[in-house]
Amino acid sequence: MADSRTRPAGIDGSPLPGPFGVGAYAAKLREYLRARSRVQLFGEIWNLRVSPTKVYCELRDADGAVPCSMWRTDFDALRLGDQALTDGAQVVVAGGPDYYAGSRTSSPSFSFAITALRVAGEGDLLAQLDRLRKTLHAEGLFAPQKLLPRPPLPRTIGVVTGESGKARDDVLAGLRRRGWQGRLVWAFAPVQDRHAAPRIGAALQDLTATGAVDVIIVARGGGSLADLFCFCDETLCRTVALLGVPVIASVGHHTDRTLIDDVAALSCSTPTHAAESALPVHCAQARADVLAIARRLDVHGRRALLHRAQALARLSRAPGEHLAGERRRLHQRLREIRAAGRRRLETEHARSARKAIVLDRKAHAGAVEARGGGRLDALALALAAHDPERALERGYALVTDRSGDVLTSARAARRAGDVRLRFGDAELDATITDDDARA
Amino acid sequence: MHEPEPAAPAEPVTPPTYEDATARLEEIIKRLDSGAAGLRETLDLCREGRALVEHCAAELEAVGEGLEELRLGELVARLEAGTGTGGA
């Protein structure tokens, strides 16, 4: 009991008893609470913390919450797996209220002292998620987002994320890595616990309502499934499923898929990956590719024209070349024909020569035969007597006109005027100058 | 006498998506590389290809002039002011 010398006076006018020492009151309070009935409670476990001697947590449901504690030895004896008591897990606990009275150097605390605990099988968070997942899947709500066309080069990208989270920087890094420099619209919203879901849903609907956003990234940097529970909210997931703009989810949980991962057009493990997935086209690479294609088109265009021009030039030269070829062929023919003619002439000449020799021999043989008879010689002499050449040799002259017709009378000579006199040794032109000829 | 029928209003030509444009460009290059196209076809393909290249370049240009960051509220204000399509 407090020493009466140190106990201060009470509050003037207060009808209440005391003042009492707080330690004594705390001890009485603990005694009172420990006298309460032992009961069983059920609810969701949150914020489980394990210390060397005790385990602390909160038991919550929609109407309220109670801080709880359990001796570490009792907790370890349960042999629960690591994932059994994640935040949100449904449990049944047995125990009663207790009070740690604290001291001058330590804080007091109230807790529901758990003496026994059981994980409530079908009631736990994952089982709830599983049921909801099956329901949404059965309603076909996993499909609509995946059927939306995703533009390869979105001009405007919406991002729903926490304003101060690391996810924001990661998204920017992903977009920069793709060489994208379009318009980025931030729709900041809380991204933790259940209260965030309506804000995220509203941000998604507002972005879509602008009609200016091509794709939306919903990003969060990770956390426990309980932290990400807002992304399993049924209303939010139904909103996403029926949104007219493709949503890429990246809520950063590696072990358990949130429901938004299932209903979104695409689910990525990191915000950076989500940003890259929003841009199927690597902008910098695409610029280089388009430039290369433009160059190839130019080359093809120029080459096509050049080849055709060369072909045309060849064709235009063809008639001339054809003529030249024909001319060469004709000349060759001509040379061949001339050569053939010469050969023929030589052949004929040789044949004629041979015939002449034969004739000569025959003539010689004939002459020998004639000499034998003498008749041929007599005939030759008679013939020679009539040869005009013989008369000319004796001093006669033969008068002809210029055309060579023999003039046999003075009258004919006068008529001709110009005559030719043929002597035995030569011919002379002469003109008849007789006056009668002119008359 | 029949009045000449008024020409049907031209259907608005939907520009090809970037994906379609690049796919068609690949086809064109393949055809040109094959060497099987005649002069007229080659020139037609080159003309079509150049138009597609310009389209793709414009699409890339639209997302290459500098990152613009806006808050949702700012975008809505711009759209209400009628300047939202100004782009980046």
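The axes themselves are lines fitted to C-alpha atoms, for helices over the stretch in contact, and the angles run from 0 to 180 degrees between N-to-C directions.

This is a predicted model, in which local features need pLDDT of at least 70 and side-chain atom pairs count only at pLDDT 80 or more, while totals for chains, interfaces and linings use all residues. Residues are numbered from 1 along each chain as its sequence is written, and chains are lettered from A and ligands numbered from 1 in the order in which they are written.

Helices (H or I, at least four residues) and strands (E, at least two) are DSSP runs numbered from the N terminus. In chain A, α6(A) and helix α7 (residues 234–241) pack at an angle of about 15°, with their axes 9 Å apart, and the two helices are therefore roughly parallel to each other. Among the residues that meet here are A:Ile200 and A:Leu204 of α6(A) and A:Leu236 and A:Val240 of α7(A), where contact means C-beta atoms, placed from the backbone, within 7 Å.

Chain A also holds a barrel, closed by five strands in the order β1-β2-β3-β5-β4 with mixed pairing, and the twist averages 55° from one strand to the next. Two strands pair if DSSP finds at least two bridges between them. The table sets a pairing within chain A beside one that links the chains.

| Strands | Bridges | Direction | Residues opposite each other |
|---|---|---|---|
| β2(A) and β3(A) | eight bridges | antiparallel | A:Cys57 and A:Cys68 |
| β7(A) and β1(B) | five bridges | parallel | A:Leu184 and B:Glu69 |

Chain B has three helices and one strand, which follow the pattern α-α-β-α along the sequence.

Between the chains, 29 residues of chain A are in contact with 34 residues of chain B. On the side of chain A that touches chain B, the elements giving two or more residues are β7 (181–188), α6 (196–210) and α10 (283–373), and the largest share, 12 residues, comes from α10(A).

Definitions and conventions: Contact = placed C-beta atoms within 7 Å. Parallel < 35°, antiparallel > 145°, perpendicular 65-115°, else oblique.
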